[in-house]
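Welcome to this short briefing.

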Amino acid sequence: MIKVLRGMVTAHLVVIFGQPVFAGVYLSGNFDGLRLHALGADVVTSIGYVQLIVAVVVWIRRRTVWPFLASLGVVAAETVQYFAGQDGTLWLHLPLGVVTVAAVAMMFVAVWRRPVVEHA
């Protein structure tokens, strides 16, 4: 199950790294960037919730709680981030975006640094 968690966190990192790029495209004057940024927000948030479910399974099967707690924190921040973006509350949306990208990157490092020991 840890391999599935690694896959989800990796996918999460890949898609969340696209978000500042799409925002930058929009801010450079290409208005398609905003559409891509909004679509990316849907994908990032969806992957975050799937990651949270996988983390619950890891917690139950492996008795390892930290992936759940980290995923819960990231998903909570992303949910606030999502609605702040829709509302145009940029004073919250921008710094929270930086925090969520950093948090997912840190979680990526954490899940890949630990050895995989699957229990039957």
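In which helix does Val9 lie? Val9 lies in helix 1, and please keep in mind that this is a predicted model.

- If you look for Thr79, it sits 70 residues from Val9 along the chain, and the two C-alpha atoms are separated by 17 Å.
- Ile47 belongs to helix 2.
- Ile47 has a relative accessibility of 16%, so Ile47 also falls under the 20% cut-off and counts as buried.
- His12 is 35 residues away from Ile47 along the chain, yet 6.0 Å separates their C-alpha atoms.

**The largest pocket**
- The volume of the largest pocket is about 660 Å³.
- Its lining is made up of 25 residues, and Gln19, Ala23, His37, Gln81 and His93 are the ones nearest the centre of the pocket.
- Which helices each supply at least two residues of this lining? They are helix 1 (2-27), helix 2, helix 3 (66-87) and helix 4 (90-113).
- Sorted by class, the lining of the largest pocket holds 14 nonpolar, 9 polar and 2 charged residues.

**A closer look at Ala23**
- Ala23, one of the residues nearest the centre of the largest pocket, is part of helix 1.
- Is Ala23 buried or partly exposed? Its relative accessible area is 23%, so Ala23 is partly exposed, since the range for that label runs between 20% and 50%.

**A nonpolar patch on the surface**
- Three residues, Trp59, Val65 and Leu69, form a nonpolar patch on the surface.
- Together, Trp59, Val65 and Leu69 have about 270 Å² of accessible area.
- You will find Trp59 in helix 2, which covers residues 32-62.
- Trp59 has a relative accessible area of 38%, so Trp59 is partly exposed.

**The loop between helix 2 and helix 3**
- Where is Arg63 found? Arg63 is in the loop between helix 2 and helix 3.
- Although Arg63 is not a glycine, Arg63 has a positive phi of about 60°.
- Arg63 is exposed, because its relative accessible area of 69% is over the 50% cut-off.

Definitions and conventions. Residues numbered from 1 in each chain as written. Predicted model: local features only at pLDDT ≥ 70, side-chain atom pairs only at ≥ 80, totals over all residues. Heavy atoms only, no water. Patch = residues over 30% accessible without salt bridge, like charges linked within 9 Å, V, L, I, M, F, W, Y side chains within 5 Å. Areas by Shrake-Rupley, 256 points an atom, 1.4 Å probe, with all protein chains shown as cover. Salt bridge = Lys/Arg side-chain N within 4 Å of Asp/Glu carboxyl O. Helix = DSSP H or I, 4+ residues; strand = E, 2+ residues; numbered from the N terminus. Buried < 20%, exposed > 50% of the residue type's maximum accessible area, 1.4 Å probe, protein only. 1 Å grid on protein atoms, 1.4 Å probe; cavity = no way out; pocket = protein on both sides within 12 Å on 5 of 7 lines; lining within 4 Å. Points joined across faces, edges and corners; volume = space filled by probe spheres on them. Nonpolar A, V, L, I, M, F, W, Y, C, P; charged D, E, K, R; others polar.
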